[in-house]
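Please open the structure in the viewer and keep the sequence beside it.

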Amino acid sequence: MKHHDEYDLLAVGGGTAGLVSAAGGAYLGVRSAIAEKAALGGDCLWTGCVPSKAVIASARVAHAMRDAERYGLTSAAPKHAFADVMARMRSARGIVEHHDDPQRFRDMGVDVHFGAARFLSNREVEVEGVGRLRAKRFVIATGAIPVAPPIPGLEDAGYLDHHSLFETDHLPDRVAVLGAGPIGLEMAQVMSRLGARVTVIEMADRILPKEDPDVADRLRAMLEDEGLTIRLGERVETVEITHEGKVLTTTSGNRLVTDEIFVATGRRPFLEGLDLDRAGVRVADGSVSVDAGMRTSARNIWAAGDVTGGLQFTHVADQQAKAVLRNALLPGSTKVRYDNVPWVTYTDPEIAHVGLSERDAAARGGTTFTYELDDLDRAIVDGVGRGVVKISADTRGRILGATILGAHAGELIMPIVLAKTNGLKLTQVTNTIFPYPTLVEGVKRAANEYQRRRLEGTGGRVLKKVISWLT
């Protein structure tokens, strides 16, 4: 007979990976539990996806009001209190929060324990305020936290990050953003559209270094046209507080005076206090080491989500947690593959990507087919013609990767993701009927470029001769 606190599966961490693991375990009929130190929902609900998209939506409306003249309307300067924008964000977050209500999981059959957990062995954890809990299997899903660079004077001057930003109700007049990755650029554009003067400082020689260079350069130009200042190839050496404000000095000798600093220079897995060594779980480069099936060095312990490093996305955490369930509770095993994982940077316009970049596809003998959205009927009438669709394929038309810069790019990428995941070729994309007029038609137009190139080759010339003989 089982002891009352002995579980078949216990998730340490109540973000996406932990919730999916525990709920899935209960659905499969095993005794499941979650140990979470704060609140269910993780980074996505509280400090990431949900609140950031809420303020992005408000900033988009503010920008549309200023830009109304482009649509034959009278432009108006948006009058708002930043506190009201944040209140709207918190209201939206509160509505979404019911998906992660502890009672909802208890109703599923999951025991929910609140308190910081630490491993005592590979079979037992101690949860602060709860006591010792035993389990046959564990899932480590403690997520990641923001990391600030070791800049002299930064801690004393104080700064915001994507955790603390959503707790404030005040938007300073001047903001310096450190880092031109997705988080930095998304929030830089939000703060700029809501009225702040924003300067982005990035050590690399371009923004979004993981994205297609051409697309990143296009987005940079668009952001600068909106009024953002972007300094590339610079690193902040010191920060000090003076009567002018917070003063940043860079390696190039530039001096920037600002009212607030927003740090977006990266995140690291959260491992503090877990005592993983007592469970025999190996850590490498600051993250929990796992194999392709998400198993750690301890045979009965798996890990999923941001704590494992790699692609730090909610949808990846979800997929990894499902693999954990399959491997921990069912015969056989499955591996997590990352070659078809899409990601989106939620600037306006958005950047969406899947698979190989244009450069990597070319290295494998692939060709990239491009369609400019400023020639697409729906984009023209909607006034969102800024952007491009790029689809890379091999000589047989098999999709290698794609990047889209444009309005709703996160939605537009999905036909390509679906086709690539299921091994469809560009010919099958072109033979699919797309509704007119829609933005997603731009995907088909890019795929049509593959067909056009084929007709320009030897096969196409032969086909044209055959048609001329027949007619």
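Against which helices and strands do the buried residues of α8 pack? In this predicted model, they pack against α7 (182-193), β12 (229-232), β22 (350-355), β24 (388-393) and β25 (399-406).

To see this arrangement, select residues 213-226, which form helix α8. The helix has 14 residues and reaches 20 Å from its first C-alpha to its last, close to the 20 Å expected at 1.5 Å a residue. Within α8, display the side chains of Val215, Ala216, Leu219, Met222 and Leu223, which are buried. These residues lie on the same side of α8, because the arc they cover around the axis is only 125°.

Next, inspect the two ends of the helix. At the start of α8, select aspartate 212 and aspartate 214: a side-chain oxygen of aspartate 212 comes to within 2.8 Å of the backbone nitrogen of aspartate 214. After α8 comes glycine 227, which has a positive phi, near 120°.

Now turn to the largest nonpolar core, which has 39 residues. Select Met187, Met191, Val200 and Phe262, the residues with the most contacts inside this core. Helix α8 supplies at least two residues of the core, as do α3 (49-66), α4 (82-96), β10 (174-178), α7 and β11 (197-202).

Centre the view on valine 200. Leaving aside neighbours within four places in sequence, valine 200 is in contact with residues including Val177, Leu185, Ala188, Leu228 and Ile230.

Finally, select Leu376, Ala402, Ala407 and Ala447, which are among the 30 residues of another core, lying apart from the largest one.

Methods: Residues are numbered from 1 along each chain as its sequence is written. This is a predicted model: local features need pLDDT of at least 70, side-chain atom pairs count only at pLDDT 80 or more; totals for chains, interfaces and linings use all residues. Side-chain values use heavy atoms; hydrogens and water are left out. Helices (H or I, at least four residues) and strands (E, at least two) are DSSP runs, numbered from the N terminus. The expected span of a helix is 1.5 Å times one less than its number of residues. Buried means under 20% relative accessible area, exposed over 50%, partly exposed in between (1.4 Å probe, protein chains only). The arc is that of the directions from the helix axis to the C-beta atoms. Contact means heavy atoms within 4.5 Å. A polar contact is a pair of N or O atoms within 3.5 Å; within protein, one must be able to donate a hydrogen and the other to accept it, and residues adjacent in sequence count only if both atoms are side-chain atoms. A nonpolar core is a set of buried Ala, Val, Leu, Ile, Met, Phe, Trp, Tyr and Cys residues joined through side-chain atoms within 4.5 Å.
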